[in-house]
Amino acid sequence: MPIRKSIDPLHAYVPGEQPSGQNLLKLNTNENAYPPSPKVFEALGNLTADDLRKYPQPTGKDLCDAIAELHGLAPEQVLVTNGSDEALALCTRAFCEHGGRIGYMKPSYSLYPVLSDIAELESVEFPLESDFSWQVPEAVDVDFFFLTQPNAPTSLAMSADQIETLIQRCPGGVLIDEAYVDFAEESMLPLLKKYDNVLISRTFSKSYSLAGIRLGYLMGSAKWMEALYKIKDSYNTDVFAQRVGLAAVKDQAWMQQNATAIRGTRNRVTKALTGLGFSVLPSQTNFLFAKVPSGEDAQGIFESLRKREIFVRYFPGELTGEYLRITIGTDEQMDRFLSELATVRKYV
Ligand SMILES: Cc1ncc(COP(=O)(O)O)c(C=O)c1O
């Protein structure tokens, strides 16, 4: 058999459903309900035949410079990637020897174990408490740790002190996955100045409303970036992603305005769900993780909503099985969600 032995037992990552239809309400993959900046469409319109004929900038230099400027870093400290997922995959290849150990909290982003398996590494899971908090153990004996901050699917953020404790107790590298940080109270960016074994990843898929173009980036020490540059694909981001990303980064006002609207809607829906008897975790993201009222069936509600073309996410399992993860949409969308929820609960 020409297929490598280690591939047979692998389980591919299962992304949230991408249904299509006129009337559906998609609150299942934490996309942004608002459109990207109009500057993005201008940038697309300005693409020439030459832009398409030629290879893109190998490192996405213009975009990389703009990101560095935005965060007060040197361009050598930034790597632009094909979605932040690529950034995570590169880390498994660059920072662990064969058979090394990858740590992550459970539950957190379910891609981490998949990437660990693909790289033939050992996955070390650190279970969260039943309230989804985490006491960092005395020793975090792994080569590399993926920390989702704020966490998904829980929507909770850890304190900067706790994160520093993790960094100090973990002898290897720590990647702080800040996919949702624009909806949160603080970023861990200042830690890059203090620790040279810390990396931060970001994505354009959430706050910039650009999940379709697959763009993310990684920030860290120039030394670690140099290692990653050696192993990335030569042209890992295309000309569309680079131009669109640049236009989006330069329109911070647009992104911030949408993030503010989402935070506002998030607070309103949190109150509404709490009023209905749900226990909603204090979200620092663009989604809610809500426990259904006692005696109610989360999976049943999920399935009934689905029949009505309202898509949310359900994660079976001891810790998460009574919860629904609900992406925050526009106010109008969330009104529809709340009204359909009231209907289905009568019958589940
Ligand atoms: C924690 C976390 N990190 C990374 C990603 C993926 O980001 P991207 O679309 O840039 O690959 C997601 C997507 O849902 C996520 O939840």
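User: Which helix supplies the largest share of the shell around the ligand?

Analyst: This is a predicted model, where local features need pLDDT of at least 70 and side-chain atom pairs count only at pLDDT 80 or more, while totals for chains, interfaces and linings use all residues. Residues are numbered from 1 along each chain as its sequence is written. Helices here are DSSP runs of H or I with at least four residues, strands are runs of E with at least two, and both are numbered from the N terminus. The largest share of the shell, three residues, comes from residues 83-94, helix α4.

User: Which residues come nearest to the ligand?

Analyst: A residue gets into the shell if its C-beta atom, placed from the backbone, lies within 6 Å of the molecule. By class, the shell has four nonpolar, seven polar and two charged residues (nonpolar means Ala, Val, Leu, Ile, Met, Phe, Trp, Tyr, Cys and Pro; charged means Asp, Glu, Lys and Arg; the others, Gly among them, are polar). Of the 13 residues around the ligand, the nearest are Gly83, Ser84, Asp85, Thr203 and Ser205.

User: Is α4 parallel or oblique to α5?

Analyst: The axes of α4 and α5 (residues 111-118) come within 9 Å and cross at roughly 40°; such axes are lines fitted to C-alpha atoms over the stretch in contact, with angles from 0 to 180 degrees between N-to-C directions. Angles under 35 degrees count as roughly parallel, over 145 as roughly antiparallel, 65 to 115 as roughly perpendicular, and the rest as oblique. So α4 and α5 are oblique.

User: Which residues of α5 touch α4?

Analyst: Contact means that two C-beta atoms, placed from the backbone, lie within 7 Å. On the α4 side we find Asp85, Leu88, Ala89 and Thr92, and from α5 come Leu111, Leu115 and Ser116.

User: What is the handedness of the α3 and α9 crossing?

Analyst: The axes of α3 (residues 61-71) and α9 (residues 239-250) come within 9 Å and cross at roughly 20°, so these two helices are roughly parallel. A crossing is left-handed if the near helix is turned anticlockwise from the far one by less than a right angle, and right-handed if clockwise. For α3 and α9 the crossing is left-handed.

User: How do α11 and α12 lie, parallel or oblique?

Analyst: Residues 298-307 form α11 and residues 331-347 form α12; their axes come within 9 Å and cross at roughly 120°. In the contact, Ile301, Ser304 and Leu305 of α11 meet Glu340, Leu341, Val344, Arg345 and Tyr347 of α12. The angle therefore makes α11 and α12 oblique.

User: What is the omega of the peptide bond from Lys106 to Pro107?

Analyst: Most peptide bonds are trans. Pro107 sits in the loop between β3 (101-106) and α5. The bond from Lys106 to Pro107 is cis, with omega near 0°.

User: What phi does Glu120 have?

Analyst: Glu120 lies in the loop between α5 and β4 (122-127). Most residues other than glycine have a negative phi. Although Glu120 is not a glycine, its phi is positive, about 55°.

User: What is the radius of gyration of the protein?

Analyst: The protein has twelve helices and twelve strands. The globule rule, 2.2 Å times the number of residues to the power 0.38, goes with a radius taken over C-alpha atoms. For 348 residues the rule gives 20 Å, and the protein comes close to that, so it is as compact as a globular protein of that length, with a radius of gyration of 20 Å.
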